[in-house]
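Let's take a walk through this model together, from its packing to its sheet and then over to its helices. Keep the structure open as you read.

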Amino acid sequence: MSVATDRQPAATVPTRRKRRPIMPYWLLIPAIAILVIGTGYPTLWQLTNSFREYGLPQQFGKPAPWVWFDNYVTLLTDGQFWAVVLRSLIFCGVTAGVTLVIGLGIALLMTAVGRTVRLMLQVSMLLAWAMPVVASMTVWTWLFDRRRGVVNYVLDKIPGVDMYRFDWLAEPLTFFFVASVIVIWMSVPFVAFSLYAGLTQVSEEVLEAADLDGATGKQRLRLIILPIIRPVMSIVLLLQIIWDLRVFTQITILQDAGSSASEFDLLGTYIFKLGTGSQHFGMAAAASVVVLIITLVVSGGYVWRIMKEDSK
Amino acid sequence: MKKTMVGIAAFATAGALVLAGCDSSADETSAAPTEPGASAEGQNITLWVMGGDTPAELRDYLSTEYAEATGGTLTIEEQDWGDALSKLTTSLPDSENTPDVTEIGNTWSPTFTTVGAFSDITDMYAELGGDSLLKSFVDVGVVDGKNYALPYYFGSRYNFYRKDIYDAAGVSVPTTLQEFSDVTKQLTTSDQSGFYLGGSDWRNGISWIFANGGELAVKGDDGMWVSTLSDPNSIKGLEMLQDLYTNSSHAPVGEFDSTPWVNINDNESTGKPEAATIIAPGWAHWSIGDLSENEAGDPINVWNDEKNGVFVLPGVDGGVAPVFAGGSNIAISAASKNQEGARELMKIIFSPEYQEMLGANGLGPANLDYADSLGDDQFAEALRTSAASSKLTPAAPGWAAVEGSGLLEEFFGKVNGGGDIAALAAEYDEKISALLNG
């Protein structure tokens, strides 16, 4: 999408200041209205609740007293919360980064291979992408099962490697390794398809010209292909960061299979345990608002750059 | 200019999408005033049962009887124990989505009754069984002298062991808690747990605290509950538990909600069991035994007296250790629009016929007048003996929050993982005390 606009610069810049049509803004109203009702209202409700004491009694109709910033103070002075934030940021950074690299690799592979192989790649990636999360998580937990998992079985076959009944989900490091592998597996298809679409926009002539000028494969990738598909990469990475920061289902299901102790929490499960688990809805709302701010800080720069690039 | 306007619109849209990623975790709900209908005639009601404890035969009976009594339909929905707490929290206050009658874990009763989730059924108490009902379960459903939740069934936990393995090793059933540790340690090999116990399985782990005279929490003179994991008796129990887990169980430290019976049955691929001893709710015996097939050709396990046996967890000085009193309470949702129908269902549940059906299926009937229906086989015997000295978790208003927070799993996991017991107990006492008073 942004590739297309890049290639047709200034097509829509008005040169004369005639009557500006107002129709487009009218057309935007339904979409914005849906967003305001669908997400604006819950967000507002959440924002007000983060300033109130809201627990189980309030859920059953008792008045919720305003405590203003008490929830935030409690939360931000809690070391455990910051540990979860840090863990989530690292998990998100590593997972999104690796996803992008693998996705780019597969996209490049798809441009290089023949039609049949490409079709096979595409079909298998679509299958991975279309698999319902809970169904694939069930299979993943079986794969990494301590006693009967095929991962331990295969690794144990390697001479000198002792993986007999190795419990992947017992230690946070291996737990998040497994979680990261699963999330990457689930996200790579989207990244690969998007980048592949971007790559098809790189014109043959440019590459040919570079070839004639004696550019090596590596140079072509670094100096020609990557800059051209950069806008797509930015958007894809932005989406990955947001998705990986709020990852929930995968972590919950892994916790059910392994340990649910707090060392295994990311922001999503932390907030769930705080709210629905311990019935501190006010605190959970405050935590969600903090996460929202973190998301905006992490992704804000990106959004800004993408918008600037678009308006160039 | 136009560009910036479109840009702003796009940014607003993008912002809203980002916001969508952070859903509020609680639904807004309000307690709807109840409108008691004039009669139960034709009221269609919903009953939530927790997990698969209530067998199909009993469910069918309830539906049939309810239809006969009122002409309405009874829909029975099974909730998973793991999600039940959050589902109850979000559904009970909402008159559009609440179950009319719901089973609840007995330990959650104080929490929900205190906040007014259930209807006052004091006027029915005598009719439903009165003083014949299991008292400890009735008590957790009382607020200010009024009955809100009544017992549904009780269960308790006892040990299942493999006679063949005990015999081969020349050991006999232990009679004290220390002997239990010694025997199971002796039976532990590299691929067999003498006693399979999940490291985070606090519902079984607390027996060691109770057996040593410890408590999970006590109510102070000021009426406030405090967590008492650091109590010297609790510490003694935890030390014993840590030693037992370290030497006798190969279960993962994080395992908390296991199906222990799979570990005492012969493993299909190895032909031997994972464990020589397990502890489980009484009805687990339906899942224990030699692998066989039923008439439909589905695999089932058939109890084999030659190989399978039961014994109750012994106390510190012999006798019986107090185990966690399993079981459920049942109550009418205060937000239900079908109060009359719900009350009708309560009458059916507490009828002599249904109480005896509970007993016949190995569930301790709420009305102790019908306890004989449990029969007199070894399972009924073990159930009675262990239930007699079983113990409930603290009746603190915030107890459900403690369970929901996962702190107990975490604490027991860390203790069994070899952590410093005194330091951990102090740390988690502080965390749990903060939740106990609601």
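**Cores, a sheet and a set of helices**

The largest nonpolar core has 113 residues, and B:Leu345 and B:Met346 are those with the most contacts inside it. A nonpolar core here is a set of buried Ala, Val, Leu, Ile, Met, Phe, Trp, Tyr and Cys residues joined through C-beta atoms within 7 Å. Buried means that 20 or more other C-beta atoms lie within 10 Å of a residue's own; exposed means 12 or fewer, partly exposed is in between, and C-beta atoms are placed from the backbone. This core takes at least three residues from each of domain 1 (45-155 + 326-388) and domain 2 (157-324 + 406-436) of chain B, with domain bounds that come from an automatic or database domain assignment. A second, separate core of 56 residues includes A:Val84, A:Phe144, A:Ile229 and A:Leu238.

A word on conventions: this is a predicted model, in which local features need pLDDT of at least 70 and side-chain atom pairs count only at pLDDT 80 or more, while totals for chains, interfaces and linings use all residues. Residues are numbered from 1 along each chain as its sequence is written, and chains are lettered from A and ligands numbered from 1 in the order in which they are written.

Back to B:Met346: leaving out residues up to four places away in sequence, B:Met346 touches B:Val101, B:Ile121, B:Met124, B:Leu128 and B:Ile332, where contact means C-beta atoms, placed from the backbone, within 7 Å.

Now the sheet. In chain B, six strands make an open sheet with mixed pairing, in the order β2-β1-β3-β14-β6-β15. Strands (E, at least two residues) and helices (H or I, at least four) are DSSP runs, numbered from the N terminus, and two strands pair if DSSP finds at least two bridges between them. β2 (74-79) and β15 of chain B are at the edges with a single partner strand each, so one side of each has no neighbour in the sheet.

Look next at β6(B), residues 149-155, where seven of the seven residues are buried. β6(B) pairs antiparallel with β14(B), residues 326-332, over six bridges. Among the bridge partners, B:Gly155 meets B:Gly326 and B:Leu150 meets B:Ile330. β6(B) also runs antiparallel to β15(B), residues 364-365, joined by two bridges, and one of them puts B:Tyr153 with B:Pro365.

What lies across β1 (45-50), β2, β3 (101-105) and β14 of chain B? Helix α10(B), residues 339-349, does, running at about 145° to β14(B); that angle is between N-to-C directions, on a scale from 0 to 180 degrees, of axes fitted to C-alpha atoms, for helices over the stretch in contact.

Chain A is another story, with 14 helices and zero strands. Its C-alpha atoms fill a box of roughly 75 × 70 × 30 Å along the principal axes, and 31% of its 312 residues are buried. Of the chain A contacts with a separation of 6 or more, 70% join residues 24 or more positions apart. A:Pro42 sits in helix α2 (residues 23-49) of chain A, and counts as partly exposed because it has 17 C-beta neighbours inside 10 Å.

Terms used
Two residues are in contact if their C-beta atoms, placed from the backbone, lie within 7 Å.
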